[in-house]
Amino acid sequence: MDKVLRQLPQWASDKKAENKKFFAKLRKKPPKDLDYIMQELHESEFERTDCLTCANCCKTTGPLFTNTDIERIAKHFRMKPQQFIDAYLRIDEENDYVLQQVPCTFLDTDNYCAIYSVRPKACREFPHTDRKKFQQISHLTLKNVAICPAAYNIVEEMKRNIQL
Ligand code: SF4
Ligand code: SF4
């Protein structure tokens, strides 16, 4: 996995123009069964992918924390939401709460998440490849293929499977 993660940014960069073209077409005319196709591609990729050998999302980008996330995680630590914010979060350029630092503070040994049962919604859903109306998050996916090997493989499979 380490070798893949080292090469992934270059692979993503090599595919960038092709992916942009593909997603532009997908946005214009998404197949009727796109939600179903994405569900299948996502499930089959994650049957092969062991996130515990990777954790690149936790190491290189942090999630956004919604107010509900903050309340839930603060409660888990028996902290007040504001105490949790002061200890771990900052506000980014888009006015969202994000981690003060990456790798994520809650990334434990052996790539386990120390707050797995209460982790942010964005962590539960990353890399969002089973999201409904997937064509609407193509800008985000273009970035995620450089971070997440599973997202990279799913996009490559999409290009092989979806004729536009
Ligand atoms: S979601 Fe993607 S980047 Fe995150 S651990 Fe799994 S394979 Fe790696
Ligand atoms: S909260 Fe957990 S799943 Fe989310 S980035 Fe941190 S370690 Fe990873």
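This is a predicted model: local features need pLDDT of at least 70, side-chain atom pairs count only at pLDDT 80 or more; totals for chains, interfaces and linings use all residues.
Turned along its principal axes, the C-alpha trace spans about 50 × 35 × 30 Å. The radius of gyration is 17 Å, which agrees with the value near 15 Å that a compact globule of 164 residues would have. Of the contacts with a separation of 6 or more, 70% join residues 24 or more positions apart, and buried residues make up 24% of the chain.

Next, select Val145, Cys148, Ala151, Tyr152, Ile154 and Val155, which, of the 24 residues in the largest nonpolar core, touch the most other members. Colouring α2 (34-48), α3, α5 (81-88), β3 (97-99) and α8 then shows the elements that give two or more residues to this core, with α8 giving the most, 6 residues. Because domain 1 (1-11 + 35-41 + 129-164) and domain 2 (63-114) both give residues to this core, it lies between them.

Stay with Val145 for a moment: neighbours within four places in sequence aside, Val145 is in contact with Ala12, Asn19, Ala151, Tyr152 and Val155.

Finally, select ligand 1 and the residues around it, which are Thr49, Cys51, Cys54, Ala55, Asn56, Cys57, Phe126, Pro127, Ile147, Cys148, Pro149 and Ala150. The elements that give two or more residues to this shell are α3 (56-60) and α8 (149-161). Colouring the shell by residue type shows 10 nonpolar residues, 2 polar and no charged.

Notes:
Residues are numbered from 1 along each chain as its sequence is written. Chains are lettered from A and ligands numbered from 1 in the order in which they are written. A residue is near a molecule or strand if its C-beta atom, placed from the backbone, lies within 6 Å of it. Helices (H or I, at least four residues) and strands (E, at least two) are DSSP runs, numbered from the N terminus. Ala, Val, Leu, Ile, Met, Phe, Trp, Tyr, Cys and Pro count as nonpolar, Asp, Glu, Lys and Arg as charged, and the others, Gly among them, as polar. The radius of gyration is taken over C-alpha atoms; the globule rule is 2.2 Å times the number of residues to the power 0.38. A residue is buried if 20 or more other C-beta atoms lie within 10 Å of its own, exposed if 12 or fewer, and partly exposed in between; C-beta atoms are placed from the backbone. Two residues are in contact if their C-beta atoms, placed from the backbone, lie within 7 Å. A nonpolar core is a set of buried Ala, Val, Leu, Ile, Met, Phe, Trp, Tyr and Cys residues joined through C-beta atoms within 7 Å. Domain bounds come from an automatic or database domain assignment.
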